[in-house]
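Hello,

Below is the structure I said I would pass on. Please open it first, then read the notes under it.

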2 protein chains.
Amino acid sequence: MSASPEPVQVRMAEYPTGMPDSSTWSFSHDPLPPVREGNVRLRVSHLSIDPGMRGWITPKKSYMASVRPGETMRAFGVGEVVESSFAALRPGDWATGFTGVQTEAVLPGKTLRKIDVSLAPASAYLSGLGMTGYTAYFGLLDVGKPQRGETVVVSSAAGAVGSVASQIARLSGCKVVGIAGGPKKAAFLRDELRLDAAIDYKRESIPAALAAAAPEGVDLYFDNVGGPTLDAVLMQIKRHARIVVCGGISQYGDLDRVQGPSNYLQLVTQSARMQGFTRLDYLHRIPEASTQLLAWWQAGQLRFREHVVHGLESFPRALAMLLSGENHGKLLLELRSGA
Amino acid sequence: MSASPEPVQVRMAEYPTGMPDSSTWSFSHDPLPPVREGNVRLRVSHLSIDPGMRGWITPKKSYMASVRPGETMRAFGVGEVVESSFAALRPGDWATGFTGVQTEAVLPGKTLRKIDVSLAPASAYLSGLGMTGYTAYFGLLDVGKPQRGETVVVSSAAGAVGSVASQIARLSGCKVVGIAGGPKKAAFLRDELRLDAAIDYKRESIPAALAAAAPEGVDLYFDNVGGPTLDAVLMQIKRHARIVVCGGISQYGDLDRVQGPSNYLQLVTQSARMQGFTRLDYLHRIPEASTQLLAWWQAGQLRFREHVVHGLESFPRALAMLLSGENHGKLLLELRSGA
């Protein structure tokens with residue numbers, strides 16, 4: 001028997017039509033099922049607040065099944081094993097996987113990946129050393145195929161995936177222009193990530209600022225936002241440019257009225273491509289990405305910025321922050337002190 | 001001195017804001033310059049009426065320079081050499097190139113390609129054996145990379161490029177669904193091009209008809225139209241689908257208010273790509289395409305449907321027909337009897 005307080009779950013009560021709000025969520029205090037053969041009980045320490053969450057709470061087809069009304073909200077998390085009937089994970093071990101938005105979870109051990117909290121803090125396995133890092137790594141390198149000397153633009157460049165993608169582009173020998181909102185984020189891009197140029201879209205016109213920062217045109221655009229930013233970059237792509245569509249967070253508020261890129265015919269005139277991807281395409285190459293990301297991080301060549309919000313009760317507010325772009329860095333919900 | 005009637009030119013008087021109309025064009029009867037060293041004089045027999053023309057008469061950046069107000073309208077044509085100071089083309093030879101919308105042209109011989117009107121009629125070198133055929137060939141095969149057994153959808157499938165792309169998809173061992181407007185075009189797709197299914201978008205809802213014709217989903221979409229058709233197909237693409245953006249004729253009426261594909265985030269959920277191209281990317285491979293297209297045509301495996309409008313004075317009407325989708329097959333303007 002555990003001495004933990006009563007487990008708490010955040011459930012999706014109903015699909016939101018625009019931005020999720022208080023009517024989207026309900027809280028429950030249901031007991032956990034017993035830990036049967038092959039399962040473990042995990043005490044969750046951190047949850048990843050992820051743009052993909054908006055896609056999970058729509059009845060529309062997506063790359064993963066929708067969360068159904070009444071179900072515990074899906075989330076990726078890390079936590080400590082407190083009880084186990086699965087040989088490869090013992091109490092005291094740490095692991096990461098789809099824990100859901102809850103304080104404790106009973107999960108099949110084979111859906112979890114063991115992590116080493118002596119190499120890096122548990123939270124890093126949800127940011128640069130986890131899904132966030134893999135998304136940036138495979139999206140930029142595999143889909144975008146940057147070449148040394150090319151000009152790369154990254155939107156939401158101070159965000160979780162964008163900040164890692166920007167740095168990997170720099171490590172690939174590219175000139176990197178980051179787009180973010182507000183002077184603090186722009187300064188972060190220039191001073192901490194050491195990008196070649198930063199555009200503050202709240203103060204500057206993106207077309208003019210982009211023409212000034214990259215008069216030679218754009219070879220590769222790593223897009224996290226869609227909307228007018230995507231349209232502005234499309235007008236300045238070079239021949240054979242690649243647009244990596246990682247997400248479209250400017251459009252997630254209302255997925256029934258997405259603004260498509262009206263300048264998409266630039267793909268024809270510039271013989272360019274726009275390509276999407278999901279992390280599911282690269283599951284078999286996670287060991288490669290893990291090793292490389294950890295090596296860069298240990299060498300001080302890659303920084304992960306985390307924005308931590310505290311307490312399970314803050315989940316609705318944290319997701320709203322993410323969807324309105326208020327976070328700065330990878331947004332994490334911390335449920336208890338990490339390792 | 002030639003005994004031809006006075007040469008006539010169609011000039012672009014001013015850039016249209018929406019659909020080109022009578023104020024867009026003016027006619028002139030200017031004498032031709034003398035045929036200097038390296039030049040030839042061509043009597044034009046046929047002109048290709050091409051969707052790309054809409055892009056040439058906008059001040060916006062495109063894959064070719066804009067036609068400027070007062071200039072003779074750009075067009076690709078075929079004709080007979082009537083005078084030459086260029087060794088490789090002699091009077092009586094036939095050639096193809098950018099002749100402009102005019103009855104006669106004096107052009108550098110090196111910008112022309114000699115054609116053999118004993119193998120195929122002159123007009124075929126503007127349709128399936130010319131640019132139209134090359135566009136379908138490289139777009140479908142090189143950009144789209146069809147695999148045997150895949151499901152391919154082609155829009156504007158009864159049109160010039162679409163009808164060739166559909167047939168090449170069939171010759172590649174794919175299941176082919178063509179989309180066109182009206183019962184006559186739909187019957188043409190089924191009965192003459194022998195596609196697996198035809199959708200008449202004027203009578204049927206594309207999403208429902210597509211779900212019925214290709215319940216397995218779409219692997220490759222060759223898009224000539226953009227707009228709601230592109231959005232409908234995006235919702236039914238399979239994982240790793242390819243969308244070849246050849247054109248967006250539904251949007252050419254008003255290039256300042258293009259409707260972007262609002263379902264483009266399907267590229268993310270399906271790990272798919274959308275890629276444009278121009279014929280300029282493949283100039284070095286024209287001999288390969290010419291040989292293959294001629295071989296298929298001679299073997300009766302490829303049919304080219306031509307829609308011929310007569311007389312230079314019909315150019316404005318012909319272009320309007322093209323932009324409103326009234327033509328059926330490759331639209332050509334015939335200026336005099338061909339070979």
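**What was found**

In chain B of this predicted model, strand S9 (residues 175-180) and strand S10 (residues 197-200) pair in the parallel sense over 4 bridges. One place to look is B:Gly178, whose bridge partner in S10(B) is B:Ala198.

Staying with chain B, look at helix H2 (residues 131-143). Is this helix largely enclosed by the rest of the structure, or left open? It is largely enclosed, because 11 of its 13 residues are buried. A residue counts as buried here if 20 or more other C-beta atoms lie within 10 Å of its own. Among the buried residues of H2(B) are B:Met131, B:Tyr134, B:Tyr137, B:Phe138, B:Leu140 and B:Val143. The list of buried residues also includes B:Gly133 and B:Gly139. Just after H2(B), B:Lys145 takes a positive phi of about 45°.

Next, chain A as a whole. Chain A has 9 helices and 15 strands. Its C-alpha atoms fill a box of roughly 65 × 45 × 35 Å along the principal axes. A compact globule with 339 residues would have a radius of gyration near 20 Å, and chain A has 20 Å, so the two agree. Of the 339 residues of chain A, 53% count as buried.

The domain assignment gives domain 1 (9-127 + 305-334) and domain 2 (131-280). How far apart do the C-alpha centres of domain 1 and domain 2 of chain A lie? They lie 28 Å apart. Where the domains of chain A touch, 18 residues of domain 1 are in contact with 16 residues of domain 2. The side of domain 1 that touches domain 2 has 7 nonpolar, 7 polar and 4 charged residues.

A:Glu334 is found in strand S15 (residues 330-334) of chain A. Is A:Glu334 buried or partly exposed? A:Glu334 has 19 other C-beta atoms within 10 Å, and the cut-off for buried is 20 or more, so A:Glu334 is partly exposed. Leaving out residues up to four places away in sequence, A:Glu334 touches A:Ser45, A:His46, A:Val308 and A:His310. The C-alpha atoms of A:Glu334 and A:Gly133 are separated by 19 Å, and these residues are 201 residues apart along the chain.

Last, the place where the chains meet. The contact takes 25 residues from chain B and 25 residues from chain A. On the side of chain B, helix H7 (266-269) and strand S13 (273-276) each supply at least two residues. The largest share of that side, 4 residues, comes from S13(B). By class, the residues on the side of chain B that touches chain A divide into 11 nonpolar, 12 polar and 2 charged. Strand S13 (residues 273-276) of chain A is joined to S13(B) by 3 bridges, and these strands run antiparallel. Which residue of S13(B) is the bridge partner of A:Met274? The partner is B:Met274.

Regards

Note on methods: Residues numbered from 1 in each chain as written. Chains lettered and ligands numbered in written order. Predicted model: local features only at pLDDT ≥ 70, side-chain atom pairs only at ≥ 80, totals over all residues. Pairing = 2+ DSSP bridges. Domains from an automatic or database assignment. Contact = placed C-beta atoms within 7 Å. Nonpolar A, V, L, I, M, F, W, Y, C, P; charged D, E, K, R; others polar. Rg over C-alpha atoms; globule rule 2.2 N^0.38 Å. Buried ≥ 20, exposed ≤ 12 C-beta atoms within 10 Å, placed from the backbone.
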